[in-house]
Amino acid sequence: MAAGWLLVFSLTLFQSLVMNHSSEGPFPSATTIKSWVDKMQEDLVTLARTASGVDKLAEIYLKNRNLYTVEANNPRQLVEIAARDIEKLLSNRSKALVRLAKEAEKYQASHQWRDEFGNNDIIYYNAKDDQNDPEKNDTESGSQRIRPVFEEDPVFRRQTSYQHAAVHIPTDIYEGSTIVLNELNWTAALDDVFKRNREEDPTLLWQVFGSATGLARYYPASPWVDKSRTPNKIDLYDVRRRPWYIQGAASPKDMLILVDASGSVSGLTLKLIRTSVIEMLETLSDDDFVNVVSFNNNAQNVSCFNHLVQANVRNKKKLKEAVYKISAKGITDYKKGFSYAFEQLLNHSVSRANCNKIIMLFTDGGEERAQEIFHKYNEDKKVRVFTFSVGQHNYDKGPIQWMACENKGYYYEIPSIGAIRINTQEYLDVLGRPMVLAGEKAKQVQWTNVYLDALELGLVITGTLPVFNLTKEQNGKINQLILGVMGVDVSLEDIKKLTPRFTLCPNGYYFAIDPNGYVLLHPNLQPKLHRLDFFTPSLFGVVHAIQTDTRTTF
């Protein structure tokens with residue numbers, strides 16, 4: 001404090017001397033000014049050394065040298081200790097995750113499906129009640145709302161209630177539907193498991209079950225708040241679009257998106273195709289590889305990528321920008337398009353997931369089936385083909401339906417913008433079936449890359465585990481559907497506590513990189529956005545909402 005006041009006083013005195021000299025006589029010479037500066041420097045250094053006691057400290061140290069030892073750090077040992085501590089933290093979180101997944105499968109298997117529910121049969125807390133009208137809290141058909149008592153939580157830095165879990169239901173899903181009510185019914189039992197996990201490990205953060213229907217149940221309960229309070233805003237959050245859910249819901253995949261860019265798709269159909277492709281890209285995680293190819297008379301890459309690339313934030317952004325520039329002209333030649341697509345998918349000279357192989361065709365329809373191309377490249381049916389008929393038209397849909405069925409894929413229709421989100425993520429259920437059939441072999445806890453938490457916890461990583469449907473169909477066959485994904489968060493701040501900088505030299509620091517090449521830990525790792533905004537005043541803004549970008553910077 002004394003040094004600061006002296007600096008201000010010295011600068012003021014210097015300015016005063018200069019101004020006085022300027023008004024009374026010639027401006028001071030460079031030699032004079034330098035002598036002043038040297039004097040100021042000498043006085044400041046003296047004051048700093050006296051006020052800080054650095055000389056006294058050195059004297060005490062030299063006087064008691066026999067009581068101290070100076071040892072060099074062992075970098076390898078420090079890194080190994082930090083790695084063990086982080087591994088222990090993640091292992092403890094994984095135990096909670098495994099318990100949640102097992103209990104969820106057990107509860108769902110014992111649940112009896114009901115076609116009808118009476119008033120107040122389902123009791124839960126809807127996280128969006130606090131942002132809606134007060135009347136929204138009143139009893140509705142088949143359900144009764146809970147009103148938790150919230151308290152400010154220093155850990156989550158928001159209001160929470162450890163007595164309840166919260167439920168988030170996407171805006172485009174009717175919360176009174178039979179499917180949602182049954183899901184609310186059996187997932188209610190998870191609340192006790194959430195609480196038991198926290199009793200065993202009070203440091204646990206968010207525990208979340210993301211359902212394949214879009215419902216999300218998370219603990220502890222906390223309001224889903226739109227802080228801007230702008231009228232008529234729409235909540236666009238869908239748990240199935242979050243990076244942790246995408247990673248946990250399916251195994252890695254190589255995807256080639258094939259876009260019909262012939263003249264017949266011009267206008268609204270082309271806009272729908274562009275939007276559909278961008279939404280499809282959002283269903284991919286960093287474990288996947290992707291490229292987008294357009295075709296008419298010829299086939300070409302839409303971007304600078306001439307092969308499949310990792311579906312990370314940067315590459316997906318490049319592909320999205322290129323998709324917006326696709327123009328419609330020429331005629332449809334499915335043979336050219338599929339030949340180009342298969343050659344890229346079967347090119348093993350570049351990095352890829354080497355797991356599921358998929359071609360996604362977006363078109364308005366056509367008469368050609370390209371049978372000889374499928375016979376040439378996909379006779380063993382190792383590449384699945386999913387086809388999407390986009391727009392409202394009277395073209396023959398038979399050929400593209402045949403392409404999907406003949407190549408172990410599915411056919412979907414996207415007549416309007418409202419059908420885009422649901423239809424571009426349906427394929428994940430199909431890709432999840434091999435995981436269900438694999439059983440315990442497919443049950444491995446996966447940890448995501450660093451991303452920004454939707455409930456303002458900051459930068460986190462999430463452990464995920466798929467939850468399988470263990471019920472059997474009427475014919476006795478095992479159900480092959482994924483119920484959803486269980487997730488447990490670990491804050492980056494918790495990991496930083498296990499890598500204290502005081503164990504290093506003044507300029508030393510720990511850093512960590514995950515298997516995908518992303519920085520996991522670094523002093524300068526900071527989010528560009530401090531919170532994600534899933535609310536938009538525009539209905540068409542659904543396709544432009546902030547969703548999975550981590551957006552971190554150095």
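Visitor: What does the accessible surface of the chain come to, and what share of it belongs to carbon and sulfur atoms?
Guide: This is a predicted model, in which local features need pLDDT of at least 70 and side-chain atom pairs count only at pLDDT 80 or more, while totals for chains, interfaces and linings use all residues. Residues are numbered from 1 along each chain as its sequence is written, and side-chain values use heavy atoms, with hydrogens and water left out. By the Shrake-Rupley method with a 1.4 Å probe, the accessible surface is about 28300 Å², and the share of carbon and sulfur atoms is 53%.

Visitor: Which element gives the largest share of the lining of the largest pocket?
Guide: A pocket here is an open set of points on a 1 Å grid over the protein atoms alone, where a 1.4 Å probe fits, with protein on both sides within 12 Å along at least five of seven lines, and lining residues have an atom within 4 Å of a point. The largest pocket has 27 lining residues, with Ile 179, Glu 183, Ala 212, Thr 213 and Leu 481 nearest its centre. Among the helices (DSSP runs of H or I, at least four residues) and strands (E, at least two), the largest share, 5 residues, comes from α5.

Visitor: Which strand has the lowest mean pLDDT among the elements of the chain?
Guide: On pLDDT, the predictor's confidence in each residue from 0 to 100, the chain averages 81, and 85% of the residues score at least 70. Over residues 535–554, however, pLDDT stays under 50. Strand β7 (residues 216–219) has the highest mean, 94, and the lowest, 31, belongs to strand β24 (residues 552–553).

Terms used: Contact = heavy atoms within 4.5 Å.
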